[in-house]
Amino acid sequence: MNAALKKSHKSFDGLTQFWQHDSVSTGTPMQFSTFIPNGGARGCVFFLAGLTCTPENFIVKAGAQKFLAEHGLMVVCPDTSPRGLQLPGEHDAYDFGSGAGFYLDATTPGYADHYRMDRYVSQELHHLIQEQFAVERISIMGHSMGGHGALVLGLRSPRKFRCISAFAPIVHPSAVPWGEKAFTGYLGNDRASWSAYDATRLIDSGKRHPVEILVDQGTADEFLETQLRPADFSHACAKAGQPLSLRLRDGYDHSYYFISTFIESHLAFHAAALQ
């Protein structure tokens with residue numbers, strides 16, 4: 001079933017649009033936003049947003065449309081979780097449940113029926129975008145929780161996602177409070193099962209991407225040492241021989257001011273891989 005168009009705005013001679021469809025993966029309506037350049041897209045970038053975000057955050061705040069238009073790229077921004085449910089504990093905190101799907105397929109009671117964001121993004125939405133918008137080449141990027149999602153889904157499906165980049169990603173969620181809380185709630189107490197959704201552990205286990213991974217991280221990010229820990233991923237990649245460009249940006253924080261400053265270089269990176 002195709003997605004239905006809800007809103008459309010002309011920008012940079014292309015269209016910024018908002019869509020909704022009934023998801024088989026989540027069993028709920030799901031929303032996503034897009035920018036489609038004038039004349040059609042030569043490739044498509046999935047952008048996975050962070051905690052509390054919706055399909056509007058990146059498309060409104062990142063200032064990406066100008067550079068997407070220049071490179072002839074489409075962007076797709078899915079929601080960060082299913083909506084409209086009333087699961088136990090789902091709406092109690094910003095870092096678990098609604099707006100915090102962590103791009104995994106949950107296995108715990110209740111959540112296993114709907115919080116299947118891995119399947120949604122990497123299978124259902126991937127197929128929908130290819131079919132409805134006639135694009136074949138797709139890459140993936142994200143921010144914070146979404147950076148975690150981009151790294152994990154990209155490493156797990158390198159043939160589907162032609163390159164990976166991230167802003168301030170949670171690279172080792174099994175070892176930090178955000179990840180420990182989310183993984184316990186979605187995957188249960190068996191920590192061995194968490195490795196499937198931990199980018200650092202995926203590299204340790206032998207997962208690779210054929211294209212160098214790009215990560216930007218601000219040095220003034222308040223979550224740098226407690227939640228993000230980019231050095232963990234960098235060390236794992238160096239040991240495994242996975243090409244990685246980790247760029248530490250002096251004085252930048254965790255916000256979209258940081259993302260908008262460096263989005264042009266990320267989209268140029270994706271354009272090179274997609275075209």
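Is phenylalanine 102 buried or exposed, and what is its relative accessible area? Phenylalanine 102 is buried, with a relative accessible area of 0%. The legends below refer to a predicted model.

**Figure 1. Overall view of the predicted chain**. The chain holds nine helices and nine strands. Its C-alpha trace spans about 50 × 40 × 30 Å along the principal axes. The radius of gyration is 17 Å, which agrees with the value near 19 Å that a compact globule of 275 residues would have. Of the 275 residues, 56% count as buried. Among contacts with a separation of 6 or more, 72% join residues 24 or more positions apart. The accessible surface comes to about 11,000 Å², and carbon and sulfur atoms account for 49% of this surface. The chain carries 23 positive and 27 negative charges, whose mean positions lie 6 Å apart.

**Figure 2. The largest nonpolar core**. This core has 84 residues, and those touching the most other members are Phe32, Phe46, Phe58, Phe102, Ile129 and Tyr186. Helix H9, residues 256-274, gives the most to the core, with eight residues. In soluble globular proteins, nonpolar side chains tend to be buried together.

**Figure 3. Surroundings of phenylalanine 58**. With neighbours within four places in sequence left aside, phenylalanine 58 is in contact with Phe47, Ala64, Val75, Cys77, Tyr256, Ile259 and Ile263. Phe58 is also one of the core residues that touch the most other members.

**Figure 4. Phenylalanine 32 in strand E3**. Strand E3 covers residues 29-36 and includes phenylalanine 32. At a relative accessible area of 1%, phenylalanine 32 is buried, because buried means under 20%. Between phenylalanine 32 and phenylalanine 18 the C-alpha distance is 6.0 Å, with 14 residues separating the two in sequence.

**Figure 5. Phenylalanine 102 and tyrosine 103 in the loop between E5 and H3**. Phenylalanine 102 lies between strand E5 (73-78) and helix H3 (117-133), and tyrosine 103 is found in the loop between E5 and H3. Phi of phenylalanine 102 is near 60 degrees, a positive value in a residue other than glycine. Tyrosine 103, not a glycine either, has a positive phi of about 55 degrees. Phenylalanine 102 is buried at 0% relative accessible area, and tyrosine 103 is buried at 1%. Phe102 is one of the residues touching the most other members of the largest nonpolar core.

**Figure 6. Aspartate 95 and its contacts**. Aspartate 95 is placed in the loop between E5 and H3. Its relative accessible area is 10%, so aspartate 95 counts as buried under the 20% limit. Beyond its neighbours within four places in sequence, aspartate 95 is in contact with Leu51, Ala100, Phe102, Trp178 and Lys181. The C-alpha atoms of aspartate 95 and alanine 182 are separated by 7.3 Å, and the two residues are 87 apart along the chain.

**Figure 7. Glycine 39 in the loop between E3 and E4**. Glycine 39 lies in the loop between E3 and strand E4, the latter covering residues 43-48. Glycine 39 counts as exposed because its relative accessibility is 80%, and exposed means over 50%. From glycine 39 to serine 165 the C-alpha separation is 26 Å, and these residues are 126 apart along the chain.

Methods
Residues numbered from 1 in each chain as written. Predicted model: local features only at pLDDT ≥ 70, side-chain atom pairs only at ≥ 80, totals over all residues. Heavy atoms only, no water. Helix = DSSP H or I, 4+ residues; strand = E, 2+ residues; numbered from the N terminus. Rg over C-alpha atoms; globule rule 2.2 N^0.38 Å. Buried < 20%, exposed > 50% of the residue type's maximum accessible area, 1.4 Å probe, protein only. Contact = heavy atoms within 4.5 Å. Areas by Shrake-Rupley, 256 points an atom, 1.4 Å probe, with all protein chains shown as cover. Lys, Arg positive; Asp, Glu negative; His and termini not counted. Charge placed at Lys NZ, Arg CZ, Asp CG, Glu CD. Core = buried A, V, L, I, M, F, W, Y, C linked by side-chain atoms within 4.5 Å.
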